[in-house]
Amino acid sequence: MPGRLAIGVDVGGTKVEGLLVDVERDDPILDRQRVETPAMDAEAVAGTIVGVARDLMAGRSDVVALGVGAAGMVSVQGVMRFAPNVAWREFPLRDRVEQGVGLPTIVDNDANVAAWGEFRFGAGRGTTDMLLVTVGTGIGGGIVSGGRLYRGAHGFAAEIGHIIVEPNGPRCGCGNLGCWEQVASGRAIDRLGRMAAAEHPESPLGWLMSARPEGLVGPAVTAAAGAGDTVAIRVLAEVGRRLGEGIAGLVNVLDPDAVVVGGGAVEAGDLLLEPARRAFAEAVEGPSHRPEVPILPATLGNDAGAVGAADLALREAS
Ligand SMILES: [Zn+2]
């Protein structure tokens, strides 16, 4: 059947990236376009998405749907209720983009579409129930339940980073104290990495940090830990432990076949994931009475969201 291509667009705080996707292929990405995000102007970002999609469609008649993934609270009608990186407040993004491009369009949260991408084409292939945990600066989540993306009653499900796990813990961007993303994400690596470097100035991490005091802490921790620095290894182990404990709670709720961990912190690899797996195995209910739930690194990287959005659009847009 001709005409099964779709476009997926990932809207980040700094760039809008569009992919032309053929979901029938093992390697589904046919083309890509990347443009800077005019983040301060709500209408201009919508216009940028339309422009990227039109460029990818130019000269083709086989593109039938468009999916958009963006950080924030997205209603099931495709209204951006709130976005942390773009000036969208109660902005009817789906209708704007659909009118501009002329294709059936869906809009969903960035972690939701990334979960769908990993489920269909990445580390979650072959599962029916999958939890995606994206560990970047914060923590995002997406849930596939019974082979379907789980959105909740209003579209706001799987905001897993804002479960309070440490009362009176570090202040979160959401206003609460001690959210999970404050103790188990890149922000936690940052905070604990600075503390460890100050306590152990003689360590390779301390040395790296004093040489570049303004530099990003996460990459320094990962680099030092990768080279065997025990101070940096302990930082990742502590963050990994908190990650695994939180995943155990979510597995108690959701009972997935697999947990996929994505986001920038995954570059630390098993230095983060092995402590997470150990803490998970201790904290999950009845570990000896349930099948093993693997905690797997995501495989699609930054493309997961756009690929997932394109596939969801083919299934759901009308
Ligand atoms: Zn929070």
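Analyst: D255 is placed in the loop between helix 8 (230–254) and strand 12 (258–262); helices (H or I, at least four residues) and strands (E, at least two) are DSSP runs, numbered from the N terminus. This is a predicted model, in which local features need pLDDT of at least 70 and side-chain atom pairs pLDDT 80 or more, while totals for chains, interfaces and linings use all residues. Residues are numbered from 1 along each chain as its sequence is written, and side-chain values use heavy atoms, with hydrogens and water left out.

The backbone of D255 deserves attention: its phi is positive, about 50°, although the residue is not a glycine. D255 counts as exposed because its relative accessible area is 52% (buried is under 20%, exposed over 50%, partly exposed in between, with a 1.4 Å probe and protein chains only). A158 also has a positive phi, near 70°, and is likewise a residue other than glycine. A158 belongs to the loop between strand 11 (148–149) and helix 4 (180–183). With a relative accessible area of 10%, however, A158 is buried.

From these loops we may turn to a strand. E17 sits in strand 2 (residues 15–22), and it is classed as buried because its relative accessibility is 7%. The side chain of E17 is joined to that of R32 by a polar contact of 2.8 Å (N or O atoms within 3.5 Å, one able to donate a hydrogen and the other to accept it; residues adjacent in sequence count only if both atoms are side-chain atoms). Another polar contact, of 3.3 Å, joins the side chain of E17 to that of R34. When neighbours within four places in sequence are left aside, E17 is in contact (heavy atoms within 4.5 Å) with G8, V9, D10, R32, Q33, R34 and A306.

A cavity is a set of points on a 1 Å grid over the protein atoms alone where a 1.4 Å probe fits but cannot get out, and its lining residues have an atom within 4 Å of a point. The volume, the space filled by probe spheres set on the points, is about 30 Å³ for the largest cavity. There is 1 cavity of 30 Å³ or more.

Lastly, consider the aromatic rings. The whole structure holds 2 aromatic pairs. In one, the ring centres of W88 and F91 are 6.1 Å apart and the planes meet at 15°, so this pair is stacked. In the other, the ring centres of W116 and F119 are 5.0 Å apart and the planes meet at 45°, so this pair is tilted. Rings of Phe, Tyr and Trp (its six-membered ring) pair if their centres lie within 6.5 Å; planes under 30 degrees apart are stacked, over 60 edge-to-face, and the rest tilted.

W88 is buried, at 1% relative accessibility, as is F91, at 7%. W116 and F119 share helix 3 (residues 110–121), where they stand 3 residues apart, about one turn of the helix. W116 is buried, with a relative accessible area of 3%, and F119 counts as buried at 11%.

Conventions
On a 1 Å grid over the protein atoms alone, a cavity is a set of points where a 1.4 Å probe fits but cannot get out, and a pocket is an open set with protein on both sides within 12 Å along at least five of seven lines; lining residues have an atom within 4 Å of a point.
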